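Dear colleague,

Please find below the structure that I am handing over to you. My notes on its charged side chains follow it.

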Amino acid sequence: MNIEAFFKITYGLYIIATKNGDKLNGYVANTAFQVTAEPAQIAISCSKDNHTCQMIQNSKVFSISILNQEAKSETIGLFGYNSGKAVNKFEHINYKTATTGAPVVTEDCIAWFDCKVNNMIDVGSHILFIATIEDSDLLSKEANPLTYAYYHAVKKGKAPKNAPTYIDESKLNSQNQDESSYHKHKCLACGYIYDPAIGDPDNGIAPGTLFEDLPDDWTCPTCSSPKDMFDELS
């Protein structure tokens, strides 16, 4: 099996948002697709490990916001690499409330759909939610949507482990790699660079601490992305 073939499947990048009582949450997804025209129905695939999944199961509503190709790394990092259990993702983001009651992220987005779930299919690690589109709107006619291909090739982003399209890219090349410990590492979500010579003093990481020696739960000081969202700089 050639893993690189999977990179040729086309995807967009979206913010899926929902509510459960007074609690709002959302995440970045790359699987959202229209399944019928009459009635207009759309489907998403959501990891069971994703906090949003249980919330959608309870409320049976969600929104889909299509990300702008020029979306800020901070927006992608906020919704893509933080847990709603620990972070209020809507505290400083622009959003509106849709007809179903679901929150709709408008910041860094070019269009949105308000959706009501009519079917849920268990596909193992994920739940496939099929929903009727209750409302939609266009936020920008000129801007281009952010595709996963662009995100991967230009922004150098990676799919998080809960994504249905996640691939362990270490499998792409099993050759021995130069593991020069003192190389800097760059956060793919926001661009922050971890320099071992400086460390992360604000979070108790002393200068001289190698990236490989950082605690497993260490996160980017700027956007809170996990260690697996960092790439080594040559």
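Lys48 is partly exposed, at 38% relative accessibility; here buried means under 20% relative accessible area, exposed over 50%, and partly exposed in between (1.4 Å probe, protein chains only). The model is predicted, so local features need pLDDT of at least 70 and side-chain atom pairs count only at pLDDT 80 or more, while totals for chains, interfaces and linings use all residues. Residues are numbered from 1 along each chain as its sequence is written, and side-chain values use heavy atoms, with hydrogens and water left out.

Lys48 forms a salt bridge with Asp122, with 2.9 Å between the closest N and O atoms. A salt bridge is a side-chain nitrogen of Lys or Arg within 4 Å of a carboxyl oxygen of Asp or Glu. Asp122 counts as exposed, at 51%.

The structure holds 4 salt bridges. Another of them joins Glu107 and Lys72, at 3.2 Å. Glu107 is buried, with 17% relative accessibility, whereas Lys72 is partly exposed, with 34%. Lys72 and Glu107 also belong to a network of salt bridges with Asp108.

Which residues does the side chain of Asp200 meet in polar contacts? One partner is the side chain of Asn203, at 2.8 Å, and another is that of Trp218, at 3.1 Å. A polar contact is a pair of N or O atoms within 3.5 Å; within protein, one must be able to donate a hydrogen and the other to accept it, and residues adjacent in sequence count only if both atoms are side-chain atoms.

Yours sincerely
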